[in-house]
Amino acid sequence: MGKFELGTLVVTTNIANKMNESPAFATFVTTSLKRFQYGDWGDLCTEDKEVSDKAVIDGEMIMGAYKHDGLEIWIITEWDRSATTIMFPYER
């Protein structure tokens with residue numbers, strides 16, 4: 001178990017489709033999720049990493065961003081830890 005609860009795991013249709021098309025992308029998503037749950041916020045700037053560190057303690061929304069082969073995904077856990085969503089930035 002990681003630093004916090006993920007709640008229900010949700011992936012957008014675009015993420016699911018890309019994972020089905022590309023085993024390498026599916027591995028990237030899985031690895032990114034593991035990193036996220038253990039407090040590695042990926043490619044966020046230092047300030048945003050600090051915000052996510054604080055959010056784990058304060059019960060706020062947690063975010064990570066991860067890049068792979070020209071694609072970026074966001075992983076966001078809701079403030080109440082009810083759900084974690086994996087999406088492309090343009091889907092926000």
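Two elements are said to be in contact when heavy atoms lie within 4.5 Å of each other. In this predicted model, helix 2, made of residues 23-37, lies across strand 1, strand 2, strand 3 and strand 4. Relative to strand 2, helix 2 runs at about 145°.

The 4 strands form an open sheet with mixed pairing, and their order is 1-4-3-2. Strand 1 (8-11) and strand 2 (62-68) stand at the edges; each has a single partner strand, so one side of each is left without a neighbour in the sheet. From one strand to the next, the twist averages 15°.

Within this sheet, strand 3 (residues 71-77) and strand 4 (residues 83-87) pair in the antiparallel sense, over 4 bridges. Trp74 stands opposite Met87 in strand 4.

The loops now call for a closer look. Most residues other than glycine have a negative phi. Asp69, in the loop between strand 2 and strand 3, has instead a positive phi, near 50°. Arg81, found in the loop between strand 3 and strand 4, also has a positive value, with phi near 65°.

Are these two residues buried or exposed? A residue counts as exposed over 50% relative accessible area and as buried under 20%. Asp69 has a relative accessibility of 70% and therefore counts as exposed. Arg81 has a relative accessible area of 15%, so Arg81 is buried.

Methods. Residues are numbered from 1 along each chain as its sequence is written. This is a predicted model: local features need pLDDT of at least 70, side-chain atom pairs count only at pLDDT 80 or more; totals for chains, interfaces and linings use all residues. Side-chain values use heavy atoms; hydrogens and water are left out. Two strands pair if DSSP finds at least two bridges between them. Helices (H or I, at least four residues) and strands (E, at least two) are DSSP runs, numbered from the N terminus. Axes are lines fitted to C-alpha atoms, for helices over the stretch in contact, and angles run from 0 to 180 degrees between N-to-C directions. Buried means under 20% relative accessible area, exposed over 50%, partly exposed in between (1.4 Å probe, protein chains only).
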